[in-house]
Amino acid sequence: MDHGQQEDLSALIKRLKDTYKVTESEIARAINVAPATVNSWVLRKRGTGRGPNPEKLRALSDAFPKFTVAEIFAAAGRRVPGPLAPEAEARLLELFRGLTPEQQAIKEIELRALNEANRS
C-alpha cells in the first residue's frame, strides 16, 4: 500500500482476508452481518449512503484484533466514537427520561446531526 494514500475499507477488508485467511462470508458471520454487506464494503457500494454501522466496525476489530478500531474507522472514513461506560449510558438515559417528549425529539435530532457529521 502507498503510505501517502489513505487505505479505504475495501483495501482493509482485502488485507484482513489475506492476514486471517478468511472469506467475506466468514467475516460476515464473525460480525453478524449478511455476506452481501461485507461484499458491498469490498465493492465500495454505499447502500444507504450513511456508511458502515459503527457497531459493526467495532465488531471487526473485536473479531480480528490485528486491526485496531482506529485503523478500521479511518479506512471507513469515519471518526472513532468515544467509549461509553455502562454507568455513563445509564446517566444519559436517566437525563433523557427527564425531558418532555418535545425536548426528547429535539435532542434526538441534535444527536443524529452530530452522528452524521462524524460520518463525513
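**Entry 1: α1 against α3**

I began with the packing of helix α1 (residues 9–20) on α3 in this predicted model. The axes of α1 and α3 are 7 Å apart, and I noted an angle of about 120 degrees. On the α1 side I listed L9, S10, I13 and K14, which meet V38, W41 and V42 of α3. Sorted by class, the α1 contact with α3 holds five nonpolar residues, one polar and one charged.

**Entry 2: α2 against α3**

I then looked up helix α2 (residues 24–31) and helix α3 (residues 35–42), whose axes come within 8 Å. Their crossing is at roughly 120 degrees, and I recorded its hand as right-handed. From α2, the residues in contact are E24, S25, I27, A28 and I31. From α3, they are P35, V38, N39, W41 and V42. This contact of α2 with α3 comprises seven nonpolar, two polar and one charged residues. I marked V38, W41 and V42 in particular: they meet α1, and they are also among the α3 residues that meet α2.

**Entry 3: α2 against α4**

Next I followed α2 to helix α4 (residues 54–63) and found that the two axes come within 9 Å. The contact is formed by I27, A30 and I31 from α2 with K56, A59, L60 and A63 from α4. I counted six nonpolar residues in the contact of α2 with α4, no polar ones and one charged. I27 and I31 contribute to this contact, and both are also listed in the contact of α2 with α3.

I turned to the backbone of two loops. Most residues other than glycine have a negative phi. K21 is not a glycine, yet has a positive phi of about 55 degrees. I located K21 in the loop between α1 and α2. Is K21 buried or exposed? Its relative accessible area is 71%, and over 50% counts as exposed, so I recorded K21 as exposed.

N32 was the second case: it too is not a glycine, and its phi is positive, about 60 degrees. N32 is placed in the loop between α2 and α3. With a relative accessible area of 64%, N32 is exposed.

**Entry 4: helix α6**

I checked the length of helix α6 (residues 86–97) against expectation. At 1.5 Å a residue, its twelve residues should span 16 Å, and I found its end C-alpha atoms 16 Å apart, which agrees. I then asked how many of the twelve residues of α6 are buried. The number is one, so I noted that α6 lies largely in the open.

**Entry 5: the chain as a whole**

The chain has seven helices and zero strands, and I wrote the order of elements from the N terminus as α-α-α-α-α-α-α. Along the principal axes, the C-alpha atoms fill a box of roughly 50 × 30 × 25 Å. Of the 120 residues, I noted 25% as buried. Among contacts in the chain with a separation of 6 or more, 58% join residues 24 or more positions apart.

Technical notes
Residues numbered from 1 in each chain as written. Predicted model: local features only at pLDDT ≥ 70, side-chain atom pairs only at ≥ 80, totals over all residues. Heavy atoms only, no water. Axes fitted to C-alpha atoms, helices over the stretch in contact; angles between N-to-C directions. Helix = DSSP H or I, 4+ residues; strand = E, 2+ residues; numbered from the N terminus. Left-handed = near helix turned anticlockwise from the far one by under 90°. Contact = heavy atoms within 4.5 Å. Nonpolar A, V, L, I, M, F, W, Y, C, P; charged D, E, K, R; others polar. Expected span 1.5 Å × (residues − 1). Buried < 20%, exposed > 50% of the residue type's maximum accessible area, 1.4 Å probe, protein only.
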